[in-house]
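Hello,

Here is the structure for you to look over. My notes on its salt bridges follow below.

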Amino acid sequence: MPAAQDTSRPVSHSPAQLSFLDRFFKLRENNTDVRTELLAGLTTFLTMAYIIFVNPSILGDAGMPKDSVFVATCLAASIGTMIMGLYANYPMALAPGMGLNAYFTYAVVKGMGIPWEAALGAVFISGCLFVAVSVFKLREMIVNGIPQSIRTAITVGIGLFLGLISLKNAGIVVANPATMVGIGDMHKAPPILAALGFFLIVTLDRFKVRGSILIGILTVTVLSFFFGGNTFHGVVSMPPSLDPTLFKLDIMGALSVGILNVVLVFFLVELFDATGTLMGVANRAGLLVNGKMERLNRALLADSTAIVAGSFLGTSSTTAYIESAAGVQAGGRTGLTAVAVGLLFLACLFIAPLAGVVPAYATAPALFYVACLMLRELVEIDWSDTSESIPAGITALFMPFTYSIAHGVAFGFISYAALKLFTGRAKEVKVIVWAIAAVFLFKFIYLGAG
């Protein structure tokens, strides 16, 4: 296990104080304690708190009232993450997904001319489909049918994706019209402070200082007031009204001719974005047993229920967040981490100015450190068998290069099935893999990349 959380050493507990939490979240069984879980929750929250500001901005472009979307974002993230923690007992956080919100706004509403109320209806229908396939364990069957090489590659791909996101947030990687991406201005404060934060985290973690990731985030945040032009905007404010988006979804509009393609795209992207993230983060946390998540169906139900709740509140699809890996690296192993994240999102309704103090380049070092650690999973791939290693490589590389976990999984399945067929080893492929590969081929050929 990573140095930040040495699971080989016993963790001290106070039975009188922690008996309820210990029994409910199985803290001792997972060799953790309340302090570690709460610090991990705070770490995860700080790395993904940006969504409460970014999501309203993106959905605002769809014509949705930003203030109401802000409230919906906080509530949807809190509800989904709390369910994940209390029901599934996993340290995973949920929130409206980046990419899904962009598809909602720029492809569905602005691109197809569909009202945002009908788009919310499509999100609701996709969430109901999720609930159905989760209840009947079809989704669990799909996830458990993922080949080991692809499952490992998902973890690596998420690491690469995290690395790209973190470098972008730090201003180290920027868009370049000639080369697509390029290096940013390294003389500016954000890249310099992010680099200092990264080396601080690695150094503290090497010396097994608990809370090293959180220390790094807070240190860069403090320095940002002196060198990064960060400003303090107060602590408390009353939350805006939710009424403009609450229960405004148009289900009948979503069922109209032509909108079914939108529902299918939402469903496919949500399915593999969330499940890929769940498997990758769980693998990183050492929570897989024989390559599987023991309470996977509960995690999937938490995910799908959050999507339905979000559509009622007034936000695009909710999904598991890869930033949960930062909390896992900080020691989070149980649902108590998720509960802490959920409570912090709820608190954000009243402390939005304070939550906005942490700049993206302060959390970037934590994400980049976790990204580097996740690459170690590459050693688990059988590189001597190209019918296994090539699809794994495609899965991992497509995630950052298409900026989509779902696309990485999709091309991984397609290439896995194709190479097994072309090399005369089709019998090794499970039926569910053939089915998923066929669905993705249909999607890309007839519906576009989405």
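Buried means under 20% relative accessible area, exposed means over 50%, and partly exposed lies in between (1.4 Å probe, protein chains only). This is a predicted model: local features need pLDDT of at least 70, side-chain atom pairs count only at pLDDT 80 or more, and totals for chains, interfaces and linings use all residues. Residues are numbered from 1 along each chain as its sequence is written, and side-chain values use heavy atoms, with hydrogens and water left out.

Now the findings. The whole structure holds five salt bridges (a side-chain nitrogen of Lys or Arg within 4 Å of a carboxyl oxygen of Asp or Glu).

One of them joins R28 and D22, at 2.4 Å from N to O. D22 is buried, because its relative accessibility is 8%. R28 is partly exposed, at 47%.

Another pairs R425 with D385, with the closest N and O atoms 2.9 Å apart. R425 sits in the loop between helix 19 (405-422) and helix 20 (431-447), and D385 in the loop between helix 17 (360-374) and helix 18 (386-402), so the pair ties together parts 40 residues apart in sequence. Helices here are DSSP runs (H or I, at least four residues), numbered from the N terminus. R425 is partly exposed at 26%, while D385 is buried at 15%.

E388 and K420 also meet in a salt bridge, 2.9 Å from N to O. E388 is in helix 18 and K420 in helix 19, so this pair links distant parts of the chain, 32 residues apart. E388 is buried at 16%, and K420 is buried at 0%. Salt bridges with shared partners join D385, E388, K420, R425 and E428 into one network.

Best wishes

Definitions and conventions:
Helices (H or I, at least four residues) and strands (E, at least two) are DSSP runs, numbered from the N terminus.
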